[in-house]
Amino acid sequence: MYEKLNKEDTITNGDKMTYIERLKNDSNNDDDYIYKTIKLGKNTIDIVNIETITSSSDINNFILKRISFLDNLKVNDLIDYLYNYLPTTSINKIKDYEALKDKLLNGYTILIINQNNILAVETRRDLTRGVSTSDYEKTILGPKDAFIEHYNTNLGLIRRRIKDVNLHIKTFNLGRYTKTKTSILYINGICKKELVDRISNDLEKIDIDGIIDSNYLKKYLNTSKSLFPTIKQTERPDLASEALLEGKILILVDNSPEVIILPTFFIDFFHTSDDYYQKSLNTTFIRLIRLIAFLIAIFLPAIYVSLTTHNKDSMPISLLLSFKTQRLSVPFPAFMEAILMIIAFEILRETDIRIPSSMGSAVSILGGLVLGDAAVNAGIVSPIMIIVVAISAISGLLMPSIEAVNSVRWYRFLLIILASIFGYYGIFLGIILILTNLTSTKSEDKDYLYPFAPINIKEQLDGFIKLPSKNKKQRNPILSDNKVREK
Amino acid sequence: MKKFLLIIIFLFLITGCDSYIELNDLAIINTIGIEKVNDKYHILISLIDEEIENTMEPSTTIKEIEGDNLNQAINDLSLKLSKKIYLSHLDLLVINETIKNNDLETIINFFLNNNETREDFLVVITDNLKNTLEKTKFKEINNLIENNKQENSKTIYTTISDVIKNFYQKENIYFPYVTYQESLSLDGLITYINNSYKKIKSDDVIYLNYLFDNIDTYKISYKCDDNKYIYLNILTSKTTTLEKELIITNELKVITNDCKLKKKDINTLFNDNLTSNLKKITNKKITIKNTIRGTYEN
């Protein structure tokens, strides 16, 4: 037998306008709002859906075909029948006009029975793409699937990896207009509760018209003034699951293929997911390469400017003469030359991102090869400057996060300016400024430079070096009280 | 904001942009030659040319200047150059025999007061300043001294810091002596004694190097019979200087032993020769310990 509805489940429309009239009025009678009225004996069912976000075949097969013969039922029996026997797991009783609107805009079909009993049946159209490979977090080893714009799919990709009831979800609908489904994911028993509360509070305070993507949340979650990112985003479910197991928190946002990981440490930007899929010795090597590349990306142009303007005595005479010969016909000072070249590179990079891929190779050849060669031949820039900027730029792209890549650019500019004014002294000032900034930075109240400052020797085993897991069986103590990870 | 401004002001007060100069605005000097002509300093400056093809052996131009004193002469050089005189990469100071011990203080003071030059450039004495500077590349002299020092210990690599140190400690300063007649050659050492030069032959420099614990390696031969020689290669040597004694530890390798000498005899031959030569330059007791490897009769 089916479940009888309680009397209080039915609602009355106290307004003079019917729900349909109000909807038509509020939606300005938009074209994609579909209204249909069916008479079933003494009962009238108004069916409303938004064509563009609902599946018409689902409406036909699971609603219209099922109600056409229900013309002999009393109104309460009709509602009860619909609620219990429509072949869907997602059917809701609606109690007010606001909830009606909310469901309608989320792809539900609304059934209004005799003007005052409302049911919402999920008939959402699948507007998302399928799970595909990651675009900017490519790996050779390990899983290839990546998050997409569909909230449930993303959640499913994580649940597929962490099959435990302790994987908890705290959901919010953010944005006055967008009402974007946003969730905090954490593993109860591993993640510290105060971290969950802290991030929940931050999300609850958000009052904005819309959250279009997870990137919108950054400004609410990131209070640090550091140029370096204190929030890590990933589109890889394996990396996200790894973060959960470490005791971190994920924030999933509907319509966003990137999941936010909190808290984030400086060292996280030197780690990739396939670091854990290969021999620790190889991982250590590649992490050190990333560190060297990071240092080259930041310091190389500044050191070059410093060498050619202030600290000429610190290079051997043959190198000095080589630089001097190459710069003979260059009309700009080394500082201007460096800035011009870096700006030219940034223009090329931005162009490469924005233009269709079919035109990408043309821009690369024209911008990189033809212009570079022509600039050297015309004596506008020196070959050595092209080498310096190219090595620095390529090294900067080695960081596994686009936010980190972008922050490197600012440090590079800062150091070039300081080097052009003060030489090596300026570079050391820059280092002090950067270190001071990084050591005073926090990510969700955790020290950003951990495990280097404050130092934790055990955590160094998975820092810039990585030892086999038998040497590190415990979780990061500042992330979790549940320390034992491997027995 | 106040803190930020204070930091900026502080930075500008404690340093400045005065060291800023572009590479192309430098006149790079790699060699300075000094001699005295008619009681005036005659200085030859070797400037690295603007356009060079080989950065390892760049072409140079010689400029000549004269002055009553060294500072004035160097300052007058700027009258002949449109670029800033750059002494940081000075590699070689060539002094002519006309410079006496009294003039040495002037030269030392010049380099002590010049904060741009390094203290590791080579100082040599030559018989012909003009030829030495004009007909040789600065690397040639450097390599000549360096190779002879490393391969046969027949010279001493004297830097300006050695000169300064020994001058103020009132110790003998030994300069490599290079000559240029038809080609460049190394001809032992020169040292000042009572404002005049004393020449030390190349073969004797080895024993001087023993005193200073400055032996890299060298080969020596002794004639023991008609057309029969014993050749030794001194691989390493360590001299410990005590108050009244020199303890020398050598590692020798016998290369050829035509004389078929025994190990004990080789030891005696080498020690006697070394001791007799060292006695000429030191009064200390000499103790020699050798390790001998190679072909010898047991």
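Two strands pair if DSSP finds at least two bridges between them. The model is predicted.

Start with chain A as a whole. Its secondary structure comes to 15 helices and twelve strands. The C-alpha trace of chain A spans about 100 × 55 × 35 Å along its principal axes. The radius of gyration of chain A is 30 Å, whereas a compact globule of 487 residues would have one near 23 Å. Buried residues account for 36% of the 487 residues in chain A. Take the contacts between residues at least 6 apart in sequence: 66% of them join residues at least 24 apart.

Now turn to the sheet that contains β1(A). This is an open sheet of five strands in chain A, with antiparallel pairing and the order β1-β2-β4-β5-β3. At its edges stand β1 and β3 (91-94) of chain A. Each has a single partner strand, so one side of each is left without a neighbour in the sheet. Neighbouring strands of this sheet are turned by 20° against each other on average, direction ignored.

Helix α1 of chain A, residues 19-26, packs on this sheet. The helix touches β1, β2 and β4 of chain A, and its direction makes about 20° with that of β2(A).

Follow the strands in sheet order. Strand β1 (residues 33-40) and strand β2 (residues 43-50) of chain A pair in the antiparallel sense, over eight bridges. Together β1(A) and β2(A) form a hairpin with two residues between them. In the turn, A:G41 has a positive phi of about 65°. A:I34 stands opposite A:N49 in β2(A), and A:Y35 stands opposite A:V48 in β2(A).

The next step is from β2(A) to β4(A). These strands pair in the antiparallel sense over four bridges. A:I47 has A:L111 as its bridge partner in β4(A). A:L111 also looks to β5(A), where its bridge partner is A:L119. Strand β4 (residues 108-113) and strand β5 (residues 117-122) of chain A pair in the antiparallel sense, over six bridges.

A further sheet of chain A contains β6(A). It is an open sheet of five strands with antiparallel pairing, in the order β6-β7-β9-β10-β8. Its edges are β6 (167-174) and β8 (232-234) of chain A. Each of these has a single partner strand, so one side of each is left without a neighbour in the sheet. The twist averages 25° from one strand to the next.

Within this sheet, strand β7 (residues 180-187) and strand β9 (residues 249-253) of chain A run antiparallel, joined by four bridges.

Helix α5 of chain A, residues 151-159, lies across β6, β7, β9 and β10 (259-262) of chain A. Helix α5(A) runs at about 150° to β9(A). Helix α8 of chain A, residues 237-246, packs on the sheet and touches β7, β8, β9 and β10 of chain A. The direction of α8(A) makes about 50° with that of β7(A).

Chain B has a domain assignment of its own. It gives domain 1 (25-202) and domain 2 (217-294). The C-alpha centres of domain 1 and domain 2 of chain B lie 35 Å apart.

Key. Residues numbered from 1 in each chain as written. Chains lettered and ligands numbered in written order. Predicted model: local features only at pLDDT ≥ 70, side-chain atom pairs only at ≥ 80, totals over all residues. Axes fitted to C-alpha atoms, helices over the stretch in contact; angles between N-to-C directions. Contact = placed C-beta atoms within 7 Å. Rg over C-alpha atoms; globule rule 2.2 N^0.38 Å. Buried ≥ 20, exposed ≤ 12 C-beta atoms within 10 Å, placed from the backbone. Domains from an automatic or database assignment.
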